[in-house]
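Open your viewer and follow the stops below. Each one says what to select and what is there.

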Amino acid sequence: MMIISSGPRRLLMAVVSAVAALVPFYSAHAEMSAWADNEGGRMRLVALAPDAGGKIRAALQIEPKPGWITYWKEPGNSGIPPQIAIAAESGVTLDAIAYPVPKHFFNGAIEDIAYDAPVTLPLSLTAAGKGPVSIDAAAFIGICKDICIPFQANLQLKLGPAIQSHPQEEAILQAANARLPKPPSQDFDVTAHAMSPDRKSLSLTLVLPSGGPGEGKAAPDIIVTGPSGYAFTKQIGGKRDGAAFKVDISIGKLPKDYDMAGKQWSVLVIDGERAMETTLAFE
């Protein structure tokens, strides 16, 4: 299925978007901000002091209430991805957001790529100066049940000296990293990929883990992300032969005048309890 991040729920978000502006600032003089609360859940910022190079390990913790979901980086045909911005006056820049392995949800014509349980998104930050660090972050997520509610909050914290020990924050960050998809390996990888001349399908050849929970399943879950706002999940003619798996992914419509040359897409493969994410480069 081709997924473009728009749809009925987005319209509902627009109706209640004014609510997001009412969420106040939340701050704490610690390595964790206060929780910001919403009808569908809560979120907060966690960070450790910069290392000698100014790099900061941080994370956005999101806890949906039971029955609610929040979205992955390419959320499906009805949601919005998490968005985080750091105030320039903080002297801190956001380098990258990492995403734990999501779940695939289907409700009629609506397909969601999301999380239905607490999730922590690792953040890579860089501090420009050498002194104390104060982070002022604006976080915006979609959180959904029967309708989607835009959840926006300003999360503030001050980081203490790096010499202090912060076992709780360390444990949160380590647990978040453990849930990330792994890079390709000898027994789990995409060994070949090719776009059809009409750009309607992407052929993939994979090596899948053997002897694991996923072995024997008809097909792994495959999520291909292309241009921003596009994800592709519909498999055509997949065939699993031991560790080998060949499949076509339906691409469908791409942005008008989109040029594949030099582009890099990503693919997430979930096979049983294992997940792998890698880059697909197009010449």
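Select Cys 148. Buried or exposed? Cys 148 has a relative accessible area of 0%, so it is buried (buried means under 20% relative accessible area, exposed over 50%, partly exposed in between, with a 1.4 Å probe and protein chains only). This is a predicted model, in which local features need pLDDT of at least 70, side-chain atom pairs count only at pLDDT 80 or more, and totals for chains, interfaces and linings use all residues. Residues are numbered from 1 along each chain as its sequence is written, and side-chain values use heavy atoms, with hydrogens and water left out.

A disulfide links Cys 144 and Cys 148, with 1.7 Å from S to S. The cut-off for a disulfide is a pair of cysteine sulfur atoms within 2.5 Å. By that rule the count is one disulfide. Turn the view to look along the S-S bond. The torsion there is about 105 degrees, so the disulfide of Cys 144 and Cys 148 is right-handed.

Next, the sheet. Show strands E14, E15, E19 and E18. These four strands form an open sheet in the order E14-E15-E19-E18, with antiparallel pairing. Which strands stand at the edges? They are E14 (189–195) and E18 (235–241); each has a single partner strand, so one side of each is left without a neighbour in the sheet. From one strand to the next, the twist averages 15 degrees (axes are lines fitted to C-alpha atoms, and angles run from 0 to 180 degrees between N-to-C directions).

Zoom in on E14 and strand E15 (residues 201–207). Six bridges join this antiparallel pair; two strands pair if DSSP finds at least two bridges between them. Select Ala 194: opposite stands Ser 203 in E15.

Zoom out to the whole chain. The chain has three helices and 21 strands. Both are DSSP runs numbered from the N terminus: helices are H or I with at least four residues, strands E with at least two. Of the 283 residues, 48% are buried.

Last, colour by pLDDT, the predictor's confidence in each residue, from 0 to 100. The chain averages 86, and 85% of the residues score at least 70. Select residues 1–29: here the pLDDT is below 50, yet the stretch has 80 contacts in the model beyond near neighbours in sequence (contact means heavy atoms within 4.5 Å). Where pLDDT is low, the predicted coordinates should not be read in detail.
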